[in-house]
Amino acid sequence: MPVRVNMTFQRPGTWLLLLFLLLLPVFSAAQGSGVKLRTVVIDPGHGGHDPGAVSKSSKLSEKQINLDIALKLGARIEKECPDVKVIYTRKTDRFIELAERGNIANRNHADLFISIHVNSAKNASASGTETFVMGTDKSQSNMEVCKRENAVILLEDDYSTTYEGFDPGNPESYIIFNLMQNAHFEQSIAFASLVQQQFISNGPVKKSRGVRQAPLMVLWRTTMPSVLVEVGFLSNASDRSVLNQAASRQKIADDIFRAFSAFKAQYDSDAAFEIDPSLLASQEPDEPEEAAPAAAGPHFEIQVLASSKKLRNGSSELKGLTQYECRFINGLYKYSVGNFASREEAARQLPAIRKKFPGAFIIAVE
Ligand SMILES: [Zn+2]
């Protein structure tokens with residue numbers, strides 16, 4: 001689904017990931033109040049007039065594989081976890097808008113959202129599984145997945161209204177994702193890690209590309225832990241032959257089921273989520289990330305608000321902002337976003353940020 005989008009990401013996803021790793025030991029399951037995992041929404045990607053990735057021979061399409069694995073996964077959950085309600089965004093070959101997929105989960109107060117997809121790349125040697133959580137990461141390969149998985153909105157009738165002017169062809173549109181509600185990031189990462197662990201130990205596709213972050217629209221508005229699983233590459237001969245076999249698709253469904261069971265057990269108890277940091281991919285194995293340029297001179301950020309008291313995470317004043325800098329200067333806590341090499345770059349992102357924080361302005365940071 002090649003829609004050309006030139007996107008540049010200034011946000012240093014990698015250091016956020018590092019920061020996250022440093023905080024890992026203090027994470028504990030926050031539920032603790034008898035909250036149980038009762039409803040899971042399984043989302044087989046694509047469908048109807050959107051086939052998703054298609055094999056060279058055109059014999060195999062992503063939408064069929066997604067649906068088959070989703071139904072197998074749901075059947076196992078229904079059989080072995082009778083206390084869990086399984087809801088599918090689709091059970092047949094039909095088209096559903098990306099936003100509606102998340103809405104289905106939200107309307108049903110789902111506790112977990114699992115979107116199932118198959119990858120594809122120009123480079124036929126690219127292979128393996130990966131599980132995404134909603135987030136921003138500057139790795140270009142993640143952007144390839146985003147372009148492919150987000151481009152489907154162009155097939156929808158009125159996407160510019162549905163997505164509040166979001167334009168997959170406009171890089172500035174993507175900055176909005178930095179301001180997203182991200183209250184379930186840790187749990188999403190925990191589930192994604194369990195999925196990748198299962199794939200590594202049991203999966204018919206053994207190669208793991210890890211747990212990743214990407215601004216994926218289908219996850220954007222979900223109000224529960226949510227992941228998008230890419231179960232292999234249709235563009236890779238070896239992955240394709242695995243995905244072509246019903247028995248292998250059952251194994252993949254079984255892997256996701258075991259991850260689900262483990263997640264549910266942790267979710268339902270007060271046990272802390274354990275995450276294996278080695279699964280968190282911060283760089284693409286096929287294309288090493290370029291080294292960061294040596295820091296010299298100031299960089300630029302966009303200050304969104306200042307407060308005399310320190311705001312707690314999730315405070316309404318932060319409007320869902322979770323990725324920001326907070327500095328205490330002259331008696332005020334000042335909150336800023338972005339990390340731009342030049343004032344011009346920051347200025348390009350300012351209008352998008354002002355939609356949410358009308359008083360936002362650019363600051364130079366030494
Ligand atoms: Zn897909």
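1. Buried here means under 20% relative accessible area, exposed over 50%, and partly exposed in between (1.4 Å probe, protein chains only). By this scale aspartate 83 is partly exposed, with a relative accessible area of 36%, and arginine 38 is likewise partly exposed, at 38%.

2. The model is predicted: local features need pLDDT of at least 70 and side-chain atom pairs count only at pLDDT 80 or more, while totals for chains, interfaces and linings use all residues. Residues are numbered from 1 along each chain as its sequence is written, and side-chain values use heavy atoms, with hydrogens and water left out.

3. The structure holds 14 salt bridges, a salt bridge being a side-chain nitrogen of Lys or Arg within 4 Å of a carboxyl oxygen of Asp or Glu. One of them joins arginine 38 to aspartate 83, with the closest N and O atoms 3.1 Å apart. Arginine 38 lies in the loop between α1 (13–23) and β1 and aspartate 83 in the loop between α2 and β2 (85–88), so the pair ties together parts 45 residues apart in sequence. Helices (H or I, at least four residues) and strands (E, at least two) are DSSP runs, numbered from the N terminus.

4. A second salt bridge links arginine 212 and glutamate 130, the closest N and O atoms being 3.0 Å apart. Because arginine 212 lies in strand β5 (residues 208–214) and glutamate 130 in strand β4 (residues 129–134), this pair ties together parts 82 residues apart in sequence. Arginine 212 is buried, with a relative accessible area of 3%, and glutamate 130 is buried at 2%.

5. The zinc ion has as protein donors His46 (NE2), Glu62 (OE), His117 (ND1), Glu149 (OE) and Glu149 (OE), lying 2.1 to 2.4 Å from it. Donors are N, O and S atoms within 2.8 Å of the metal (3.2 Å for Na, K and Ca); water is not among the atoms, so sites may look incomplete. Along the chain the donors follow the spacing H-x15-E-x54-H-x31-E. Distant parts of the chain are linked by glutamate 62 in helix α2 and histidine 117 in strand β3 (residues 112–119), 55 residues apart. Glutamate 62 and histidine 117 are buried.

6. Serine 61 lies in the loop between β1 (39–44) and α2 (62–80) and is buried, with a relative accessible area of 8%. Leaving aside neighbours within four places in sequence, serine 61 is in contact (heavy atoms within 4.5 Å) with Pro51, Ala53, Val54 and Leu234.
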